[in-house]
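Okay, thanks for coming, everyone.

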Protein chains: 2
Amino acid sequence: MDRFMQAAFEEARHGLEEGGIPIGSVLVHRGVILGRGHNRRVQLGSAVLHGEMDALDNAGRHPAETYRESILYTTLSPCPMCSGAILLYGIPKIVVGENRTFLGEEALLRERGVEVEVLQEPECIAMMEGFIASSPELWHEDIGE
Amino acid sequence: MDRFMQAAFEEARHGLEEGGIPIGSVLVHRGVILGRGHNRRVQLGSAVLHGEMDALDNAGRHPAETYRESILYTTLSPCPMCSGAILLYGIPKIVVGENRTFLGEEALLRERGVEVEVLQEPECIAMMEGFIASSPELWHEDIGE
């Protein structure tokens with residue numbers, strides 16, 4: 001697995017170990033990880049800390065130029081909220097672990113000029129399939145369904 | 001001013017008093033405020049806690065049905081990230097204090113079926129105009145420009 005997707009996957013696994021939703025993300029600027037994070041709905045009772053949001057938050061404050069030279073890696077296709085954050089900050093490229101278990105706003109992102117690369121990593125798919133099968137209510141809450 | 005917009009405006013004013021960006025929001029479910037919040041970029045060094053996100057986060061975890069009977073009040077037109085959160089949770093209506101100083105993703109929200117009411121409140125406009133004039137760099141950072 002690509003080393004940045006591996007880092008996002010490790011975040012997802014940390015989340016699962018904490019009893020949370022296994023989605024992880026890293027924000028990478030010119031080959032350096034600026035922030036890493038994972039979904040913390042369960043851990044913090046948060047409605048906004050999806051994996052991508054947690055990575056962006058943990059990266060801290062940056063000027064627009066930094067985001068515009070960055071790539072966001074996420075184990076799962078980004079939902080509308082996380083896609084909106086990608087658009088807000090003008091992140092030009094995202095790398096997605098998989099979109100088989102959930103298809104987010106990839107079409108909107110592409111329409112707005114974001115490059116979206118989907119890896120369909122078997123380990124990402126297996127982790128989400130296992131989680132959704134074991135915790136369907138929690139999963140539906142996380143995606144507003 | 002409508003009492004819920006007044007509550008959002010008070011949140012914005014708290015933010016300004018704290019040295020932050022004066023944008024506030026409340027999430028209202030069947031006439032009861034579930035969560036209130038304001039932009040906390042400065043206060044917490046957060047890249048994700050815009051006013052609307054802070055209100056959603058402070059409201060805590062809720063099932064989809066609750067969001068689908070809720071209205072989000074925000075002093076300023078919602079950016080792509082906050083608009084994405086509105087779409088994620090299927091919030092059917094938002095009330096916006098003003099969109100003169102910043103126009104967010106109102107068109108996308110309407111296209112996806114969200115009712116968007118814009119009040120053009122003079123107090124909301126004046127607060128943002130004053131803030132943008134005094135802190136243009138901070139404002140640009142907050143909207144990824």
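**A threonine, a helix and some rings**

Let's start with Thr74(A), which sits in strand 3 (residues 70–76) of chain A. Strands here are DSSP runs of E, at least two residues, and helices are runs of H or I, at least four residues, numbered from the N terminus. Before I go on: this is a predicted model, where local features need pLDDT of at least 70, side-chain atom pairs count only at pLDDT 80 or more, and totals for chains, interfaces and linings use all residues. Residues are numbered from 1 along each chain as its sequence is written, chains are lettered from A and ligands numbered from 1 in the order in which they are written, and side-chain values use heavy atoms, leaving out hydrogens and water.

Back to that threonine. Is Thr74(A) buried or exposed? Buried, because its relative accessibility is 0%; the cut-offs are under 20% relative accessible area for buried, over 50% for exposed and in between for partly exposed, with a 1.4 Å probe and protein chains only. Its side chain reaches the backbone oxygen of Leu76(A) at 3.1 Å. Leaving aside residues up to four places away in sequence, Thr74(A) touches a set of residues including Met5(A), Ile23(A), Glu52(A) and Val95(A), where contact means heavy atoms within 4.5 Å.

For context, an unreviewed UniProt entry annotates residues 1–116 of chain A as "domain: CMP/dCMP-type deaminase". Such annotations may be inferred rather than shown by experiment; the positions are in the numbering used here and feature names are shortened. That span is 41% helix and 24% strand, and its end C-alpha atoms lie 17 Å apart.

Over to chain B, and helix 7. With 13 residues (122–134), helix 7 of chain B reaches 18 Å from first C-alpha to last, close to the 18 Å expected at 1.5 Å a residue; the expected span is 1.5 Å times one less than the number of residues. Which residues of helix 7 of chain B are buried? Cys124(B), Ile125(B), Met127(B), Met128(B) and Phe131(B). They cover an arc of only 165 degrees around the axis, so they sit on the same side of helix 7 of chain B; the arc is taken from the directions from the helix axis to the C-beta atoms. As a reminder, an α-helix has 3.6 residues a turn, so residues three or four places apart point the same way. The buried residues of helix 7 of chain B pack against helix 1 (3–17) and helix 8 of chain B. On the face turned away from that buried side, you'll find the exposed Pro122(B), Ala133(B) and Ser134(B).

Okay, rings. How many aromatic pairs does a search of the whole structure find? Eight, over all chains. Rings of Phe, Tyr and Trp (its six-membered ring) pair if their centres lie within 6.5 Å, with planes under 30 degrees apart counted as stacked, over 60 as edge-to-face and the rest as tilted. One of the pairs is Phe102(A) with Trp139(A), edge-to-face, at 5.7 Å centre to centre and 90 degrees between the planes. Phe102(A) is in the loop between strand 4 (93–98) and helix 6 (106–111) of chain A, and Trp139(A) is in helix 8 (residues 136–142) of chain A, so the pair ties together parts 37 residues apart in sequence. Phe102(A) counts as buried at 14% relative accessibility, and Trp139(A) is buried too, at 4%. Ring pairs also bring in Phe131(A), linking Phe102(A), Phe131(A) and Trp139(A) into a cluster.

Key
A polar contact is a pair of N or O atoms within 3.5 Å; within protein, one must be able to donate a hydrogen and the other to accept it, and residues adjacent in sequence count only if both atoms are side-chain atoms.
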